[in-house]
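Hi everyone, thanks for coming. Let's look at a protein together, starting with the whole chain and then moving in on one strand.

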Amino acid sequence: MLKIHNKIFSTPLLLAPMAGLTHSALRTLLLSYGGIGLLSTEMLSARRLPVENQRISPFLIRSESEKPLSYQLLVTDVQQIAPAMDALHRFAADCVDINFGCPAPRVRKAGGGSSLMSDPVRVRQIIRTARRETDLPLTAKIRLGEDLNGPVLRDFCLMLQDEGLDMLTVHARLRGESFCRKPRWEWVGKVKQWLNIPVVANGGIFSVEDAAGCLALSGADGLMIGRAAAQKPWLFAEIAREIYSVDIPMPEIVLPQLYAQFALGLTRFRPERRLGRLKEFTHYFALNYPFGHHLAMAVQKSTTPVLAWQQAVDFFARTDPDGLKVVETREVAAALSP
Ligand SMILES: Cc1cc2nc3c(=O)[nH]c(=O)nc-3n(C[C@H](O)[C@H](O)[C@H](O)COP(=O)(O)O)c2cc1C
């Protein structure tokens with residue numbers, strides 16, 4: 001259980017926002033395994049949000065069952081906050097997260113993501129305004145900063161808390177550090193000691209052992225999982241059961257069936273939006289197979305979702321024929337065709 005502001009979430013396991021990945025199809029797949037306490041959108045431009053149509057925007061499409069759902073805002077100007085919050089209230093968001101961690105040059109250049117961590121004055125205005133505009137749980141996601149500087153990081157985190165933030169997620173890497181670097185989970189522990197609000201650890205959790213190791217080093221109130229959600233959508237259920245003693249059955253995992261379920265979820269998107277999402281997901285899903293790079297490459301080269309699906313079927317026929325037996329391959333192909 002995790003309490004954030006006025007809401008209680010069933011487990012302290014959160015889906016990380018991931019551009020191109022944390023959309024309706026992945027969220028639905030994750031829910032089928034259980035264990036997840038809070039879902040997330042990918043980062044959403046606060047500037048564009050008020051004019052987006054929730055029923056057709058590929059970033060906003062969701063089904064009734066995708067709850068509770070946190071919406072992550074990419075803010076570049078404090079003026080964007082009030083209209084964006086109005087939109088999130090209309091969309092029935094369960095939680096609002098603000099992105100202070102994205103290191104992508106395009107995002108930084110626009111004045112958003114991790115660039116804001118160097119501008120605490122502007123961040124204070126953003127959080128103060130956001131707090132004024134919503135009574136939803138208000139959270140933020142940060143990295144550790146430009147370099148390891150305890151006092152600077154502490155002041156930044158305390159400022160977020162003073163302005164009314166309800167929960168902070170810390171991706172335990174510096175702004176310039178790539179995924180190759182081991183996450184600094186012990187720094188999440190420092191943040192946890194400085195704050196009274198819940199602190200969630202993020203970065204490098206791919207197994208129950210990783211989750212246990214991260215909790216031991218950080219003492220975090222919850223765990224946020226990103227890439228492993230696409231690789232092993234059942235991981236939340238495993239961690240919930242093994243670490244948080246949640247009573248959920250462990251389903252049998254049949255990878256081709258899981259892939260088919262994801263592909264069917266893509267049919268909620270317009271045909272031209274399906275292929276990119278299938279490629280992005282396959283990049284992570286393929287890691288489940290020793291020769292998964294063959295699958296990833298074949299899908300990557302495909303020019304339509306149906307051809308990509310056919311490549312996946314061929315791969316499964318070679319490497320996982322038993323798993324493929326339970327999949328209605330023609331039905332999936334028919335659903336994916338425009
Ligand atoms: C493809 C991809 C897209 C991402 N997009 C976002 C995003 O939209 N917002 C965000 O705060 N972080 C984003 N991240 C970072 C993740 O939320 C997370 O912090 C990072 O992947 C570390 O967690 P992990 O090791 O569990 O994957 C993204 C990461 C990946 C791999």
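Before we start, one term: two residues are in contact when they have heavy atoms within 4.5 Å of each other. What you see is a predicted model. Now take the contacts between residues at least 6 apart in sequence: 70% of them join residues at least 24 apart.

What is the protein built from? It has 15 helices and 10 strands. Its radius of gyration is 20 Å, close to the 20 Å that the globule rule gives for 338 residues, so the protein is as compact as a globular protein of that length. Along the principal axes, the C-alpha trace spans about 55 × 45 × 35 Å.

How much of the protein is buried? Buried residues make up 57% of the 338.

Now please find strand β6, residues 95-100. Six of its six residues are buried. Which way do they point? Cys-95, Asp-97 and Asn-99 point one way, while Val-96, Ile-98 and Phe-100 point the other way.

If you want one spot to look for, Tyr-71 stands opposite Val-96 in β6.

Key:
Residues numbered from 1 in each chain as written. Predicted model: local features only at pLDDT ≥ 70, side-chain atom pairs only at ≥ 80, totals over all residues. Heavy atoms only, no water. Helix = DSSP H or I, 4+ residues; strand = E, 2+ residues; numbered from the N terminus. Rg over C-alpha atoms; globule rule 2.2 N^0.38 Å. Buried < 20%, exposed > 50% of the residue type's maximum accessible area, 1.4 Å probe, protein only. Pairing = 2+ DSSP bridges.
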